[in-house]
Amino acid sequence: MITFAKPLVINLKNYNEISGDNSTKIVQDAKKASLSNHKDIIIAPPPSSLLALSKIKIPIISQHVDDVALGATTGFIVPEIVKSYGAVGSIINHSEHKIEHSQIKNLVKRLRELDMISIVCADDLHELKAISRFSPDFLAIEPPELIGKGVAVSKANPSIIKESVQAVKRVSSTVKVLCGAGIVDKYDVEKALELGAEGILISSGVIKSSSWYNKILELSSVLK
Ligand code: G3P
């Protein structure tokens, strides 16, 4: 299975800025930045574009997967199909698409069996501790109230990152904590790393920036 050191994970969500061919442009910008500074950059585009964007040869993941069977199921995002489109994993339980913890447990196991990575999101420390028992590859602590507000969690609530890292290390030596919500510049990334995060999950700070390439290069340059 593909492994990532300290990834910059860019969640494109369903922003109008990345509609149509713009999703191709932002992924090409991310690939150019990754080739320039040799950092791990992962993109989570809308599911309909997974197959096309995986051809650009930069790690692509789904924004969500459903714990339903491959086969006669309609309107769901099935892990095996996501893999067939060239994706290397999926975000699970994003605060904008919450699922039951029993489904999270099943999906982490199912993705691992498919050699795909799982990035499971938690709203708070309590949820993070519960989810850490499922041993995902990454656990992203993302306080919903800070998402999209441009004030980084590493500034607004630094202790939640430190406590998340400590809580995860108590139950696993392999699960890595990502920091998300409100990240806008390299200083927010540096602060998150100082607090023990091993990667970043970001969306509006990149998508709303004046230059996708320059912003991605800036943010990823301090991931070491
Ligand atoms: O998935 C990451 C996202 O929820 C963080 O949002 O816009 O605060 O970077 P944003």
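When I say polar contact, I mean a pair of N or O atoms within 3.5 Å; within protein, one has to be able to donate a hydrogen and the other to accept it, and residues adjacent in sequence count only if both atoms are side-chain atoms. Quick housekeeping: this is a predicted model, so local features need pLDDT of at least 70, side-chain atom pairs count only at pLDDT 80 or more, and totals for chains, interfaces and linings use all residues. Numbering runs from 1 along each chain as its sequence is written, and side-chain values use heavy atoms, with hydrogens and water left out.

OK, the ligand. Histidine 94 has a side-chain N or O atom 2.8 Å from a ligand oxygen. Serine 204 puts a polar side-chain atom 2.5 Å from an oxygen of the ligand, and at glycine 182 a polar backbone atom sits 2.8 Å from a ligand oxygen. How much of the ligand does the protein bury? 100% of the 310 Å² that the ligand exposes when taken alone (Shrake-Rupley areas, 1.4 Å probe; for residues, only the protein chains shown count as cover).

The residues around the ligand, meaning those with a heavy atom within 4 Å of it, include Asn11, Lys13, Glu142 and Ile147.

Lysine 13 also turns up in a salt bridge with glutamate 96, 2.8 Å from N to O. The cut-off there is a Lys or Arg side-chain nitrogen within 4 Å of an Asp or Glu carboxyl oxygen, and the structure holds 13 of these bridges. This pair links distant parts of the chain, with the two residues 83 apart.

Definitions and conventions:
Helices (H or I, at least four residues) and strands (E, at least two) are DSSP runs, numbered from the N terminus.
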